[in-house]
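Subject: Structure handover

Hi,

I am passing this structure on to you. Please open it first, then read my notes below.

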Amino acid sequence: MTSQVAPDEGQATEEMNMVTAVNETLRQEMDRDESVRLMGYDVGPIGGVYRATEGLIEDFGEDRVIDTPLSENGILGTAVGMAMRGSRIVPEIQFMGFFYPAFGQFMYTLVKMYERSGGALEVPMTVRMPYSGGIKSSEYHSESTETFLVHTPGCRVVVPSTPAETKGLLAASIRNDDPVFFLEPKKIYRVGTESVPTEDYTLPLDQARYVRRGEDITVYAWGAMVRHAKTAADAVDADVEIVDLRTLSPLDVETILESVKKTGRAVVLHEARRTLGLGAEISALINEYALDHLHAPIKRATGYDVHFPGHQTEDAYMPDEQRAQYAIEAVMDYEF
Amino acid sequence: MEQWSEQRPSEEFYRVLDPDGEVVSEPPDVEEETLRRLYRTMVESRLFDEKTLSMQRRGEVSIIARSTGEEAVSTGSAAALAEGDWCFPSYRQTPAGLYWGARKDRGVAALMGAEPETIEEHLPLEGEPPVNFTPIYVPLAVNVTNAVGSAMTDRFRGDDVVSMSYIGDGSTSQGDFHEALNFAGVFEAPAVTICQNNQWAISVPAHRQTATETFAEKAAAHGVPHERVDGNDVLAVYERSRAAVEQARQGGGPSFIEAVTYRMVEHNTADEESIYRDADEREYWEEKDPIDRFETYLLDQGVLEPNEPDDLREELRDEIQAAVNRAREVPVSDPETMFENHLHDSTWKREHQRAELRAERRGENPFTDFTGEGLQ
């Protein structure tokens, strides 16, 4: 489906970057529904290390913007308890690389409570995590380990790629009754602004969007990689279609297949390590359900199977427009 | 250390009834109806354990973990809750649910492996339970963190609801226990945490879990008031739990109670306890049985007539048998229920895989879709 957020004529808009879109959405959702609460480390007076919650504790008080002790598992575990009791809780994990202490609560309670209770206990929670690399932070602050989440049933995984997408997807996540992981690509937190409708709105949590239509090859991307896909698409001598997955779980399999059946070629562009990265799943789906349509093998332009490197080598690790372009050109040049 | 013998842990704790049922400190003011309900619950749990053990031996139930010998802990503590409160049990608190009218037929059906959706369909709950019980937690100590979150929500909303959770001695070594109590302390959450110290965590004795003298004192590190009680004395457990629940309800914040008891039986039916502990340890504890002690007291007080213990056991055995019979009537869960209640909405993969399973069960090849448009 094509679902670009394009403001209607005469609709009030504001120029926002991704961080201000997060902040504005949190504010609107807290205004709209008093059961929405934020919690996390440094989310209070300092407004989060990226300032995504700036000003909210002043407006909503410390019972709704809850600065917690420094314990990711404590945050997630108490958040599950709050959600079970009807708080629409939005915990922030400061960096995705800090998520792992919370893996116990994630695996044991967060994704299983709804199923184990036969649907009686819901966990309406949106876990916000700044994620991915590209800003020279450091190794533990730059990872893209969405595979762990996507591999696990019982939660949704959402990654926005623009400020306007951020607003609609985050609002939908908060209003959704399932646990949602909302991964914010920090490389594009402050890269550029766009006109975002002032009114609140939601976007679907199970539909990819076509960033641009093309006939020759499909590039699947999400988050910060969508920009690189666009730049590469402009640079190559081919008519490139770009699919922004938006929701990594559940995957919009219909759109994934629809696109490749038309173009017959596919590249998956992601920051995560290659092995069992989401590219593997997309490639497998295409192999299982669209092999007849392929004119070339599928290529995965991704990070390497290494730990996220330090500042000096980070750029060499990160997929960018150049790597995307190489992958597109290689697939376009291939002949069976 | 004398203190740390699993056979003879220190008896420096709050106790009302000694092992012979003699009153050793001022008994709490408890209504006769409540006394009878406490007693009934403990006997009911003991008999429920006996019945489900026999079902396990016959292969009707795959595995059980009995509460036998530890009944006073969760009976006395859960009894301190009130309507609208929340309880987050682990797997050795059968009496907590029974005290609040948990349906034995549903419990047996769950032990027999029925999916929750199937149980709800064939043995539906009628009305809201007075106290809210979460599903039984199997991973250890994660329930305490959830319970503290539940209590935080009530504190932030200004509701006078109390959340109670249970862990064992071994679980106090888990990070979740400390993280939960730390949050409870910081946020003054109305959360009461009960440590059912039964001296053994499978094969590992209590002295291998910690170098502290008691489990109770661990709460001090988190600024949480704590207490150590005789876990085989239901009146002691009830009295101190009632005080903790009351304090939490009044805005006084969390409490931690270590109830000293003993696992009279195997860890679960897959365990072989003779490998790691002596049988004479059990003899010492048999004399401290929580049901015998309370029964003696109630007979002495005239709360129970002499014939009542036997009559009650007969009545409960019939009730339990009837529950087992109802559970046996529940049909085997449809395998497709495994796909239920993961997300609220349907997904492409769920429907696709459900169709694959359906085909496979019909004896058809489930791998015939090469277009993504469904099985051919």
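Ala323(B) sits in helix H11 of chain B. Helices here are DSSP runs of H or I with at least four residues, strands are runs of E with at least two, and both are numbered from the N terminus. Ala323(B) is buried, with 20 other C-beta atoms within 10 Å. Buried means 20 or more other C-beta atoms within 10 Å of the residue's own, exposed means 12 or fewer, and partly exposed lies in between, with C-beta atoms placed from the backbone. Leaving aside residues up to four places away in sequence, Ala323(B) touches Lys104(B), Asp105(B) and Val108(B). Two residues are in contact if their C-beta atoms, placed from the backbone, lie within 7 Å. Val108(B) is 215 residues from Ala323(B) along the chain, yet their C-alpha atoms are 7.5 Å apart.

Before you go on, note that this is a predicted model: local features need pLDDT of at least 70, side-chain atom pairs count only at pLDDT 80 or more, and totals for chains, interfaces and linings use all residues. Residues are numbered from 1 along each chain as its sequence is written, while chains are lettered from A and ligands numbered from 1 in the order in which they are written.

Helix H11 also has a partner in chain B. H1 (residues 32-57) packs against H11 (residues 308-329) at about 50 degrees, with the axes 10 Å apart. Axes are lines fitted to C-alpha atoms, for helices over the stretch in contact, and angles run from 0 to 180 degrees between N-to-C directions. H1(B) is therefore oblique to H11(B). Angles under 35 degrees count as roughly parallel, over 145 as roughly antiparallel, 65 to 115 as roughly perpendicular, and the rest as oblique. Contact residues include Leu47(B) and Phe48(B) on H1(B), and Leu316(B) and Ile320(B) on H11(B). By class, the contact has 7 nonpolar, no polar and 5 charged residues. Nonpolar covers Ala, Val, Leu, Ile, Met, Phe, Trp, Tyr, Cys and Pro; charged covers Asp, Glu, Lys and Arg; the others, Gly among them, are polar.

Now chain B as a whole. It has 12 helices and 8 strands. Its radius of gyration is 22 Å, close to the 21 Å of the globule rule for 376 residues, so chain B is as compact as a globular protein of that length. The radius is taken over C-alpha atoms, and the rule is 2.2 Å times the number of residues to the power 0.38. Of the 376 residues, 46% are buried.

Chain A has 12 helices and 14 strands. Its radius of gyration is 20 Å, which agrees with a compact globule of 336 residues. Buried residues make up 58% of those 336.

How many residues does each chain bring to the contact between them? Chain B gives 35 and chain A gives 38. H6(B) gives the most to chain B's side, with 10 residues. That side has 14 nonpolar, 14 polar and 7 charged residues.

H6(B) also meets helix H3 (residues 72-84) of chain A. Their axes come within 6 Å and cross at roughly 60 degrees. H3(A) and H6(B) are therefore oblique to each other. Among the residues in this contact are Gly77(A), Gly81(A), Gly149(B) and Ser150(B). The contact divides into 8 nonpolar, 9 polar and no charged residues.

Best wishes
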